[in-house]
Amino acid sequence: ARPEGRAMSSSFDDDRKKGPGRDLACWMGAKIAALRTHYVVLLVFTVIVYFPRLCLSYLVFFIAQALRLIARISGVQTNRPVANRRILIITDYMPPQTHGIAIRCHAYVKHMRSMGHEVVVFCTAYEASRETSFDNPNIPAVVNPFNLKNRIGYNPGVKLAWFLGAHSWDVVHLVYPSLIGGFVLSVCSWRRIPVYCSHHVEMAMFAHEHVPFAPVCNFGMFMYNLIGKWPAMRWGTLNSAPTLCFARDHLGKEYEDRLRRVPSGTHEVFTSQPDDPNERRDVRSKRFGVTDDKTKVVLMVQRLSGEKGTERIFPALRAQEGGDGGSVDAVLVVAGDGPSKASLEAEAKRRKIRAVFLGNVPHHELPRLYRAADCWVTMSLSETFGLTTLEALMCGCPAIIPYCDVFNEIWDERVPKTWRYHVGNVPELEKAIAAAQDGGREWLAAHPVRMTWKGASEELLAHYEECIKMSSKDRQTLRDFVAFMDHCFRVAICSVCATWVLMRYYYKPLMRFLKQFSA
């Protein structure tokens with residue numbers, strides 16, 4: 001046993017000598033195993049659990065409708081007019097998830113509630129410290145196999161079905177991507193409730209990025225279109241996206257009259273005013289590892305995954321002694337986490353680039369990073385809006401933005417052309433960074449960008465009012481029909497009861513009286 005033990009010890013020592021390479025391999029192996037496990041769970045839930053639970057949801061919905069019928073017939077008032085709006089928001093995306101859609105949804109809810117509207121939320125997760133009686137993290141969900149920190153709702157669930165069947169709503173806001181859109185839209189169509197569908201992810205791009213095997217990817221996209229996107233195109237009162245170019249590409253130009261740009265903004269904390277006079281110096285030294293004012297800092301804030309293209313900036317950065325690189329002499333600071341983080345760190349080390357990876361940074365701490373950096377860069381072409389771009393500009397940090405349809409629609413008239421570049425053109429990127437660092441903050445001070453969630457929420461409410469107006473005729477027709485049927489049911493029930501009473505207590509005496517009278 002001793003020689004074998006020595007061999008095992010020697011092998012262990014050799015593995016230790018492999019260093020970071022082996023650690024990276026182990027980490028990637030664990031992630032792949034987790035990915036496969038969650039993918040199998042999602043497949044099992046979809047094939048085996050989805051349809052029975054979907055049938056149960058429809059059953060609960062129609063039971064709720066039957067009870068509403070009983071309430072109306074018995075004279076209990078339902079759907080009474082009120083001064084505020086009753087809004088139901090259905091989304092997979094809310095804090096503690098940290099991506100842009102979760103931030104967007106939470107901001108909408110917060111500001112619309114502050115305006116006095118009744119906003120009820122159904123989601124897959126919620127922060128316990130922020131949860132109210134109007135928040136329902138009850139949508140049945142499984143872990144997203146492509147983003148293990150998020151969850152996918154695979155079924156509407158009993159509680160949401162009950163709320164859709166039993167309660168009165170002025171408008172329903174359905175946030176996509178969603179696997180429960182078919183159910184929500186079908187029952188809302190039954191009740192003539194206007195539905196505002198907002199689409200936030202370019203599914204075709206992400207699907208092929210994460211599922212390279214074409215037959216599986218195409219089947220998955222077909223099923224998503226069947227239960228999600230096509231019902232929205234058919235039954236959605238209005239469909240929206242962060243940009244109209246994405247909305248047209250995602251849903252089709254033939255629906256142009258029902259396409260809108262969903263309002264966007266960011267929080268009031270994103271401002272160019274520092275929290276204290278020494279903020280820039282403290283952040284640069286403690287977070288960026290930069291102790292002098294001459295060293296430039298290039299900041300990136302994003303999820304670290306393949307579709308974001310973070311590694312495209314590496315060729316533009318000047319390497320330290322002994323390495324090859326571009327002309328940009330700066331420290332690269334990356335705030336964010338994701339499956340590509342380890343490989344990006346390894347690549348930056350291989351290229352001998354001065355790079356600092358901060359990992360996930362709490363959202364309320366980001367303004368300090370933007371204000372301390374010399375410029376902000378995005379390499380992503382997969383955005384449907386890009387909230388971090390807006391955050392950087394509102395903090396007075398020049399933003400280096402690639403040319404693409406989405407960014408062209410939003411920023412063509414708002415930022416200098418010298419801050420723009422074509423992805424893959426390294427010299428153009430280097431010139432854009434140099435131009436932004438040379439007087440960029442002064443330009444933004446003279447031409448400030450201001451788009452807040454408060455203003456976006458007010459604009460979103462205007463979209464809701466448009467939905468309500470578009471559906472008002474159909475809802476009034478249904479309301480008149482329901483009122484007529486309620487009266488018919490009342491007459492029928494009263495007639496049956498009166499007949500039973502007459503037959504039970506008065507029929508025999510009346511017949512005896514008639515016989516005596518005729519005799």
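**Figure 1. Confidence across the predicted model.** The protein averages a pLDDT of 86 in this predicted model. At least 70 is the score of 90% of the residues. Strand S1 has the highest confidence, at 97. Helix H1, residues 2-18, has the lowest, at a mean of 40. Over residues 1-18 the pLDDT is below 50. Beyond near neighbours in sequence, that stretch has one contact in the model. Where pLDDT is low, the predicted coordinates should not be read in detail.

**Figure 2. The protein as a whole.** The protein has 519 residues, and 46% of them count as buried. It contains 16 helices and 15 strands. Take the contacts between residues at least 6 apart in sequence: 69% of these join residues at least 24 apart.

**Figure 3. The seven-stranded sheet.** Seven strands form an open sheet with parallel pairing. Their order is S3-S2-S1-S6-S7-S8-S9. Strand S3 (135-136) is one edge and strand S9 (259-261) is the other; each pairs on one side only. Inside the sheet, S1 (residues 86-90) pairs with S2 (residues 118-122). Five bridges link S1 and S2, in the parallel sense. Ile-89 stands opposite Val-121 of S2.

Figure 4. Helix H3 (residues 100-114) lies across S1, S2, S3 and strand S6 (171-176). H3 runs at about 155 degrees to S2. Helix H7 covers residues 214-235. H7 lies across S6, strand S7 (195-199) and strand S8 (238-241). Its angle to S6 is about 140 degrees.

**Figure 5. Where H3 meets H16.** Helix H16 spans residues 453-518, and its axis comes within 9 Å of the axis of H3. The two axes cross at roughly 80 degrees. H3 and H16 are therefore roughly perpendicular to each other. From H3, the meeting residues are Ile-103, Arg-104, Ala-107, Tyr-108, His-111 and Met-112. From H16, they are Trp-453, Lys-454, Ala-456, Ser-457, Leu-460, Leu-461 and Tyr-464.

**Figure 6. Ser-471 in helix H16.** Ser-471 is found in H16. Is Ser-471 buried or exposed? Ser-471 has a relative accessible area of 9%, so it counts as buried. Its contacts, leaving aside neighbours within four places in sequence, are with Pro-194 and Thr-237.

**Figure 7. Helix H5, an enclosed segment.** H5 covers residues 181-191. How many of its 11 residues are buried? Nine are, so H5 is largely enclosed by the rest of the structure. Among the buried residues are Gly-181, Gly-182, Phe-183 and Val-184. Leu-185, Ser-186, Val-187, Cys-188 and Arg-191 are buried too. Just after H5 comes Arg-192, with a positive phi of about 60 degrees.

**Figure 8. Ile-152 and its surroundings.** Ile-152 sits in strand S5, residues 151-153. Its relative accessibility is 16%, so Ile-152 counts as buried. Which residues does Ile-152 contact, leaving aside its neighbours within four places in sequence? They are Asp-92, Thr-124, Pro-140, Ala-141, Val-142, Asn-144, Pro-145 and Leu-179. Leu-179 is 27 residues away from Ile-152 along the chain. The C-alpha atoms of Ile-152 and Leu-179 are separated by 7.9 Å.

**Figure 9. The six-stranded sheet.** Another open sheet has six strands, with parallel pairing. The order is S12-S11-S10-S13-S14-S15. Strand S12 (355-359) and strand S15 are the edges, and each pairs on one side only. Within the sheet, strand S10 (residues 296-301) runs parallel to strand S13 (residues 375-377). Two bridges join S10 to S13. Val-298 stands opposite Cys-375 in S13.

**Figure 10. Arg-420 on an edge strand.** Arg-420 is found in S15, residues 420-421. S15 is an edge strand of the six-stranded sheet. Arg-420 has a relative accessible area of 4%, so it counts as buried. Its side chain makes a polar contact with the side chain of Asp-412, at 3.0 Å. Not counting residues up to four places away in sequence, Arg-420 touches residues including Ile-401, Pro-402, Tyr-403, Cys-404 and Phe-407. Trp-411, Val-415, Glu-428 and Ala-432 are also among the residues it touches.

Key. Residues numbered from 1 in each chain as written. Heavy atoms only, no water. Pairing = 2+ DSSP bridges. Helix = DSSP H or I, 4+ residues; strand = E, 2+ residues; numbered from the N terminus. Contact = heavy atoms within 4.5 Å. Axes fitted to C-alpha atoms, helices over the stretch in contact; angles between N-to-C directions. pLDDT = per-residue confidence, 0-100. Buried < 20%, exposed > 50% of the residue type's maximum accessible area, 1.4 Å probe, protein only. Polar contact = N/O pair within 3.5 Å; in protein donor to acceptor, adjacent residues only side chain to side chain. Parallel < 35°, antiparallel > 145°, perpendicular 65-115°, else oblique.
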